[in-house]
Amino acid sequence: MQEIERKFLVHRECFFSRFVTQSVSRSLICQGYMDVKGATVRVRLYGEKAFLTIKGPSLDGGLSRYEFEREIPVADAKEMMKLCRGGLIEKTRYLIPYEGHTFEVDDFHGANEGLLFAEVELGSADEDFAKPEFLGPEVTGNPHFYNKHLLKESYPTWKHEIPEAFQ
């Protein structure tokens, strides 16, 4: 399956003061990555479920890439996380429906505390969609916003590179 998504910075004050109450779901996520050449292999605990995901490289600046994902037993995911290198990513994900699309807003914890960004999955690369007020500048394709990259270079080391209103 081809995954097409765009990423945006989120205005923290706007999101938490006006939009968080519109969330239809709030889940804790813990995920790790395995070293595999040519692909990204992720093990994720998402609420009470677990998933194994394999993603191929992006050929269009981070907008789309092949994705294979399957639910796996939680016990297996916990064992597989022992094989993950570089630590784990922890975050709270809010699902916000807005005018026909669902925005996934990730609020990071631990080493990436303070980072807040949103993703929206699209049916095609040129699909139009309404943007809620909490969305800020687009960061699609910026490697800083790849979860795997956050294990190597945590948010506090580069947050000065984004506009202050979104830090």
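Guide: What follows goes from the pocket to residues of the strands, then to the nonpolar cores and some other positions.

This is a predicted model, in which local features need pLDDT of at least 70 and side-chain atom pairs count only at pLDDT 80 or more, while totals for chains, interfaces and linings use all residues. Residues are numbered from 1 along each chain as its sequence is written, and side-chain values use heavy atoms, with hydrogens and water left out.

The largest pocket holds about 770 Å³ of space. A pocket here is an open set of points on a 1 Å grid over the protein atoms alone, where a 1.4 Å probe fits and protein lies on both sides within 12 Å along at least five of seven lines; lining residues have an atom within 4 Å of a point. Grid points are joined across faces, edges and corners, and the volume is the space filled by probe spheres set on the points. The lining comprises 38 residues, and those closest to the pocket centre are E3, E5, R42, K55 and R65. Two or more lining residues come from each of β1 (2-10), β3 (40-46), β4 (49-55), β5 (64-72), β6 (89-98), β7 (101-108), β8 (116-121) and α3 (147-152). These elements are DSSP runs numbered from the N terminus, with helices (H or I) of at least four residues and strands (E) of at least two. By residue class, the lining has 17 charged, 11 polar and 10 nonpolar members. For this count Asp, Glu, Lys and Arg are charged; Ala, Val, Leu, Ile, Met, Phe, Trp, Tyr, Cys and Pro are nonpolar; the others, Gly among them, are polar.

E69 is partly exposed, because its relative accessible area is 32%; the classes are buried under 20%, exposed over 50% and partly exposed in between, with a 1.4 Å probe and protein chains only. Setting aside residues up to four places away in sequence, E69 touches R42, F51, L52 and T53, where contact means heavy atoms within 4.5 Å.

T53 belongs to strand β4 and has a relative accessible area of 1%, so T53 is buried. Beyond neighbours within four places in sequence, T53 is in contact with T40, V41, R42, E67, F68 and E69.

In strand β8 is E121, which counts as partly exposed because its relative accessibility is 43%. Apart from residues up to four places away in sequence, E121 touches E3, I4, E5 and H101.

D106 sits in strand β7 and is buried, because its relative accessible area is 0%. The side chain of D106 is joined to that of R93 by a polar contact of 2.7 Å. Leaving out neighbours within four places in sequence, the contacts of D106 are K91, T92, R93, L115, L116 and F117.

Next come the nonpolar cores. The largest nonpolar core has 18 residues, with V10, F15, I96, F103, V105 and F134 making the most contacts inside it. Such a core is a set of buried Ala, Val, Leu, Ile, Met, Phe, Trp, Tyr and Cys residues joined through side-chain atoms within 4.5 Å. At least two core residues come from each of β1, α1 (12-19), β6, β7 and β8. A second, separate core has 13 residues, including L9, V139, F145 and W158.

Some other positions remain. E99 lies in the loop between β6 and β7 and counts as exposed because its relative accessibility is 57%. Phi of E99 is near 45 degrees, a positive value in a residue other than glycine. K78, in helix α2 (residues 74-81), is partly exposed, with a relative accessible area of 49%. K78 and R44 lie 34 residues apart in sequence and 8.9 Å apart in space, C-alpha to C-alpha.

Definitions and conventions:
Polar contact = N/O pair within 3.5 Å; in protein donor to acceptor, adjacent residues only side chain to side chain.
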